[in-house]
Structure formats: structure tokens, C-alpha cells
Amino acid sequence: MATPAEKAAQLRAFNDSLLDDDPEMADAEGTANERLEVNRPPQQAIELESIVMRRRRPVLAIQNGAAVLEFKDEADLPLWKSRLESAATVLGRAIPCVGRIELTGNPDFSWVGTGWLVDPRYLVTNRHVAEEFARSEGDAFVMQSGPDGEMAASIDMLQEIGRNDKQVFQVKGVSYIEPRPGLDLAFLEVEQIDGTVAKPIRLSVAAPTKNPFVATIGYPAFDSRIPEPDLMKQIYGEIFDKKRLAPGAITEVDQDRVLHNCTTLGGNSGSVVVDLKSGEALGLHFSGSFLRTNFAVRADRVRERLDALLAGTLRGKREVPARPRPSRRSASMTSVATGTPAVASRVSGNATSITIPLTVTVSLGGAGQPANVSARPRTLSSSARQHDGDDTDNLVETEAKAKPEDYNDRKGYVATFLGDEFAVELPTIVKGKSDILTWGSGRDVLPYEHFSVVMNAKRRQCFFSACNIDGQRSKSSKRTAWRFDPRIPLEMQIMKECYGSTPKFSRGHMSRREDPAWGETAEVIQRGADDSMHVTNVTPQMQSFNAPIWLALEDYALQHAREDDQRISVFTGPYFNKNDPTMFGVRIPVKFWKVIAFVHDETHELCATGYEMSQEDNLEPPEFVFGDFVSPQLNISTQVPISTIEARAGISFDGLVDIDPLSSEGVGQPTGPLLFPEQIRFI
């Protein structure tokens with residue numbers, strides 16, 4: 001198993017190999033410079049649509065539907081000219097299918113990103129692009145309202161350098177926006193101009209391999225937040241907002257994403273990543289990290305969603321309605337306004353969806369058509385399943401369905417789970433000990449299947465949840481209902497007050513539903529999942545809360561745990577602060593912490609790390625996002641010293657501070673925002 005350092009070295013080696021693939025183009029200075037760029041410290045890896053390499057990744061103008069093969073760096077001429085000449089035919093088919101998403105009625109932007117045709121009727125773009133002008137309403141999507149009325153959108157398939165004419169397709173409606181934290185994609189229904197039939201870009205049906213040469217096609221915009229503006233101007237020649245082609249390569253592939261090193265900027269959100277050989281789309285670009293890598297949704301994942309949309313089985317899930325945002329546009333980001341207003345319409349149809357644990361689709365039919373009723377299981381992406389924030393009231397079980405004696409066989413968290421020599425005891429509450437809820441004969445720990453909870457009686461929420469996770473015996477299980485714990489008074493548990501549809505909160509698991517779902521038998525596995533559905537194991541979280549890194553911390557730690565048993569112990573809880581806001585009669589924790597302990601696969605020693613995440617920005621109107629820029633405070637997970645968690649939470653982890661790399665080495669400071677799991681320091 002490769003360590004984070006080894007993975008970074010592999011990425012550097014791959015980028016270097018791309019420089020060296022034409023021997024006459026390799027030079028020691030260029031290779032050394034690229035190594036320095038990839039080695040930038042994590043806090044400088046600000047999430048942007050971004051420049052990945054200083055050299056050998058040109059950005060070309062597009063004119064009359066073709067890339068202009070003129071290179072600012074003469075060294076790029078033999079490296080890319082022949083490749084792009086060979087790809088001229090496939091690029092000529094893709095370029096006309098990519099357009100700039102224009103807005104009217106939006107107070108901040110006249111255009112907001114890139115999109116491309118995947119079907120004669122449908123355009124794909126990013127969720128974070130669509131959210132600037134559309135929002136979910138129940139199971140449909142509608143246009144947002146601006147200061148002058150309802151917003152509207154269209155897509156201009158030209159906007160080339162040196163051309164003033166337009167080719168505008170009207171956006172008839174928004175067909176789908178994937179809920180967070182799923183894939184960053186959305187589908188728009190478009191109406192092509194009479195007499196114009198653009199052929200969609202073919203989507204790859206399988207995961208791409210590493211190494212193929214690709215190009216992004218999109219609309220890079222000037223960005224004043226790029227750390228090196230001179231580099232940006234050098235590459236783009238101070239011409240922005242126009243259709244550009246940027247060649248590069250796929251550097252990595254994971255479950256839902258491809259990583260690539262094509263040069264991008266804000267405005268490239270929604271760009272196609274097209275294979276220079278086959279002409280197929282390999283990805284939907286959505287974000288990146290300056291001088292490190294760029295990210296795209298795998299095209300076969302886009303195809304899966306598109307097939308479901310065309311089959312009529314893709315349905316939206318209710319999200320937090322968009323709130324009015326203050327204008328944050330700087331003069332440097334102003335774009336040329338479109339002169340063609342778009343036709344905006346409420347997404348409508350003859351179907352509605354009702355979520356129980358099944359989604360029941362009732363098709364009313366048109367004239368002369370019989371009504372049709374079908375049922376299908378709820379499906380969520382793997383990342384969406386991790387949140388499990390379902391607040392449907394008819395899933396709630398009552399206290400009459402369980403008795404205290406039903407829990408007599410629960411052993412709860414086991415301190416020696418990682419081995420007798422690596423015992424990790426439950427943390428001790430130091431601050432607020434008088435608030436610990438006791439039950440039975442003075443017990444203060446509620447044991448469940450593979451995890452335990454300590455409750456705060458004053459806040460009626462848990463101080464923490466502690467879980468043993470066995471990655472080798474983890475199995476999928478069906479989701480069941482929320483439930484009270486009959487061992488403690490019902491008035492000490494929050495079932496409904498602050499939970500429900502927006503603007504109320506989701507029930508945010510402390511120990512994830514899948515974490516205790518392991519064991520030798522199906523009965524034990526299901527019991528672990530069922531026990532996680534007690535309201536003692538949740539705290540109020542905004543429905544837009546939870547970043548992918550926070551959700552994936554346990555999974556990433558399991559990859560580094562000792563291979564012969566794949567076990568970790570995880571402690572998660574809220575910070576209870578005196579200035580936490582009261583909403584719906586409940587004090588809402590603003591920040592959360594997590595500590596993970598396991599025996600490292602390389603050192604064979606116990607290691608422990610701590611993390612924090614805040615939902616502060618979710619409790620207020622969100623900051624404006626353009627090109628998926630992320631405010632340093634917005635849903636960012638941070639690795640922090642365990643000693644910091646102890647001080648802030650009023651809790652003690654005994655000896656774990658001594659084996660925490662951020663504490664034991666005297667660093668004592670957060671590492672900065674975690675944008676990638678590889679940034680985590682385990683040793």
C-alpha cells in the first residue's frame with residue numbers, strides 16, 4: 001500500500017514523464033521546476049479551477065470551431081502540435097457542442113460557467129454552476145429569483161476570440177441537480193436553434209485508464225485570487241471569457257473522478273475532458289488545486305445519470321433552498337453581457353415522487369394515457385449515503401417498540417479492539433462532568449453494537465460517540481427507522497423539535513451508519529446499523545453540511561490500518577459552546593471534532609490524529625461561489641492537534657496526545673484545509 005508521500009512522488013514522476021515523453025523536450029530545469037510545484041505546502045493548495053503546471057500545458061484559442069495551434073512557448077510546438085493535428089477531426093466534433101452558460105436577472109454574473117451537450121435535448125454542467133441560477137423545490141427544480149424577478153439562462157455555443165456573433169440555445173428548464181455531497185453535476189434541458197442540430201459528445205462507458213492525452217474545452221475567466229497572477233497572464237495573454245482548448249493528460253482515476261493536469265481557471269467549471277484519440281468525453285471538470293491537480297467527474301458516472309434521466313427514473317432530492325446572497329463580484333471578474341435573453345420555465349412534467357423508504361413514482365399520464373405507478377428502491381451515491389440525513393417523520397419508531405432489557409447483550413465500544421498492547425480507553429469528560437446523563441445504577445455510558453455514546457443531559461445530545469470499525473467484516477445493510485433509546489428518559493432525547501424539512505436540520509450521525517455494521521452474521525451486522533439510528537447518536541446538522549473529506553476520513557484511515565485486520569477506533573462529537581445559537585428550541589452545536597486511532601500498516605505502531613469541521617457558514621447565508629472556489633471557512637475539514645480538541649471540548653484522551661504527529665512533534669498547529677486525503681499526517 002502506497003503512503004501519501006509515495007503517492008505524491010508517483011504523481012510527480014508521472015508529470016515528469018509527460019515532460020520527458022519527447023526526449024528533445026526534456027530539460028533539467030523544467031523537471032526540477034515541476035517537482036517544486038507539486039511539493040507546495042498543503043495550505044497553499046487552495047481549491048480552484050487551476051493551473052497545474054507552469055510549462056508544457058498550453059492554452060489555445062478556438063476560432064471557427066478549431067484550435068489555433070499557435071504556442072507562446074516554442075518548446076510546446078513539437079510536443080503538442082502533432083498530437084492536436086492528429087486529433088483535429090475528433091476535436092472538430094466536440095468543440096461545437098461546448099458552450100458558455102449565460103444568465104439574465106443574476107445580480108452578480110452575466111455568465112457563470114461551461115456546459116456541453118450529452119444528448120440533443122440535454123446539456124451537462126456542474127451542480128455548483130446550476131445552483132447560481134436554479135434551486136430545488138420538492139422533487140423539481142426552479143429558477144431562482146433575482147432583484148428584478150426570475151433569473152433565466154441560455155447557452156452560447158460560440159463566444160470565440162475575434163468573433164462577435166452568437167449561437168444561443170435556450171435553456172428550457174433544469175432537469176436535475178445532484179444533491180450534495182454527490183457528484184458535482186446537473187442537467188439542463190435546452191432547445192436548439194431551428195436548423196441547427198449539434199451532435200452530442202459521446203460519453204465513455206467505462207473508467208478511463210491513466211496516461212491518455214486529453215483536452216479540456218471551456219471558458220476560463222480572469223481570477224484575481226490566483227496566487228501568481230503573472231503566470232496566469234503569461235498563459236492566457238490577458239484574454240479571458242472566451243472558448244479555449246487546453247491539452248494535458250489523465251494522471252489518476254478513482255471511484256467517481258478522474259484527475260488531470262490540463263490548465264484551467266474559474267469559468268472552466270463544467271468543461272468537457274475529451275480523449276484526443278477517441279473523441280469521447282472522459283470527464284466533467286469541476287475543480288482543482290493550484291499547481292497540483294485538477295478534478296473531473298468520470299464520464300461513465302455522468303452517463304449513468306443521463307441514462308436514468310432519459311428513462312425517467314432520475315429524481316431530485318430536496319435540498320436547502322437557495323438564499324439571497326450579497327453581491328461579491330469584483331470588477332476584475334466582470335464579463336461581457338449576453339444580448340439574448342433566455343427562456344426560463346419552471347421544470348414541469350407529469351410525474352411526482354414521494355419519498356418513504358422507497359421512491360414511489362406516480363405518472364399521471366397525458367390525454368388518453370393510463371396512469372402508471374411504479375416503485376423502486378432509494379438509491380444514493382456512495383458519498384451521499386455517508387450523510388444519512390433523512391428526516392421523514394414517518395420513519396420514526398416509538399419507545400413502545402423497544403425495552404431496556406433488549407439491550408442487555410450490547411457490549412459497546414471495546415478499548416482493546418486494536419489489540420491488548422494497543423488499548424485505547426474511552427475519553428474522559430473533564431469540563432461539564434455534572435452534565436453527564438446517568439442511567440440504570442449510575443452508569444454513564446450507553447453501549448450499542450460496536451459503539452458507545454455518552455450523553456449530555458443539559459444539551460440532550462451526545463458528548464461523543466466512540467466506535468470500533470472492522471473494515472474486513474463490514475457489510476451493507478438496509479436502512480431502518482430513527483428510534484429512541486428506552487434506557488434513558490425520552491425527554492432527554494431529541495426526536496423532532498429541530499429536525500425536519502428545511503429550514504430545520506438533518507439528523508447528523510456521529511458514528512456513521514455503516515461504521516458499526518460489521519460482524520460474523522447478518523443479524524449482528526444489521527443490529528449495528530440499526531443501533532446507529534438512535535437519536536442519541538446524532539446532532540443537528542444543516543442539510544448542506546458535510547464535506548467529502550470529513551465523510552471519508554474513516555475510509556481513508558482504514559486504507560492505512562494494519563492490513564491483517566483493517567481495524568480502527570473513531571471518536572466523534574460536537575463542541576458545546578456557551579454561544580451556540582438556539583434554533584427551534586434547541587442549542588445547535590456549530591463545530592465538530594473527530595479523533596481516529598489505529599495501528600499503522602507501515603510502522604506497526606498505534607497512531608492517532610484529530611480533525612475539526614464547522615457548520616458556521618451553513619447557519620448563515622452562504623458565501624458566493626464562482627468556479628467552485630471555497631472560502632477557507634466553508635465546510636472545510638482541518639487536521640488539528642488532539643491536544644487542541646481536548647482543550648476545546650473539555651475532554652481527555654489520555655495518552656493519544658503523545659502519539660499524535662501534530663502534538664508529539666511540537667507542531668501544535670492545524671495543517672490547513674484538507675482538500676485531499678493525502679494531506680493527512682498519520683505518522
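Predicted model: local features only at pLDDT ≥ 70, side-chain atom pairs only at ≥ 80, totals over all residues.
Which residues are linked in a network of salt bridges? They are Glu178, Asp256, Arg298, Asp300, Arg301, Glu304 and Arg305. Residues are numbered from 1 along each chain as its sequence is written, and side-chain values use heavy atoms, with hydrogens and water left out.

## Salt bridges

A salt bridge here is a side-chain nitrogen of Lys or Arg within 4 Å of a carboxyl oxygen of Asp or Glu. The structure holds 37 of them. The table lists some, with the relative accessible area of each partner. In the table and below, buried means under 20% relative accessible area, exposed over 50%, and partly exposed in between (1.4 Å probe, protein chains only).

| Pair | Closest N and O atoms | Lys or Arg | Asp or Glu |
|---|---|---|---|
| Lys81 and Glu85 | 2.5 Å | Lys81: 30%, partly exposed | Glu85: 44%, partly exposed |
| Arg163 and Glu160 | 3.2 Å | Arg163: 23%, partly exposed | Glu160: 2%, buried |
| Arg305 and Glu304 | 4.0 Å | Arg305: 14%, buried | Glu304: 40%, partly exposed |

Where do Lys81 and Glu85 lie? Both are in helix 3 (residues 76-86), four residues apart, which is about one turn of the helix. Helices (H or I, at least four residues) and strands (E, at least two) are DSSP runs, numbered from the N terminus. An α-helix has 3.6 residues a turn, so residues three or four places apart point the same way.

## Asp119 in its loop

Asp119 sits in the loop between strand 5 (111-117) and strand 6 (122-125). With a relative accessible area of 15%, Asp119 is buried. Leaving out residues up to four places away in sequence, Asp119 touches Pro200, Leu306 and Leu310, where contact means heavy atoms within 4.5 Å. Leu310 is 191 residues from Asp119 along the chain, yet their C-alpha atoms are separated by 9.4 Å. A polar atom of the Asp119 side chain also lies 2.9 Å from the backbone nitrogen of Arg121.

## Strands side by side

Now let us turn to strand 29 (residues 567-574), where seven of the eight residues are buried. Two strands pair if DSSP finds at least two bridges between them. Strand 29 pairs with strand 26 in the antiparallel sense over six bridges, and Ala466 has Phe571 of strand 29 as its bridge partner. Strand 29 and strand 32 also run antiparallel, joined by seven bridges.

Strand 26 (residues 461-470) contains Asn468. Is Asn468 buried or exposed? Asn468 is buried, with a relative accessible area of 1%. The side chains of Asn468 and Ser569 are joined by a polar contact of 3.1 Å. Such a contact is a pair of N or O atoms within 3.5 Å; within protein, one must be able to donate a hydrogen and the other to accept it, and residues adjacent in sequence count only if both atoms are side-chain atoms. Beyond its neighbours within four places in sequence, Asn468 is in contact with several residues, including Tyr413, Phe417 and Trp518.

## Aromatic rings

How many aromatic pairs does a search of the whole structure find? The search finds 16. Rings of Phe, Tyr and Trp (its six-membered ring) pair if their centres lie within 6.5 Å; planes under 30 degrees apart count as stacked, over 60 as edge-to-face and the rest as tilted. The rings of Phe417 and Trp518 have their centres 5.6 Å apart and their planes at 40 degrees, so this pair is tilted. Phe417 and Trp518 are 101 residues apart, and their pair links distant parts of the chain. Phe417 is buried at 8% relative accessible area, and Trp518 is buried at 6%.

Trp593 and Phe653 form an edge-to-face pair, 5.6 Å centre to centre with 85 degrees between the planes. This pair links distant parts of the chain too: Trp593 is in strand 32 (residues 591-599), and Phe653 is in the loop between strand 35 (651-652) and helix 12 (656-659). Trp593 is buried at 0%, and Phe653 is buried at 4%. Together with Tyr413 and Phe571, Trp593 and Phe653 form one aromatic cluster.
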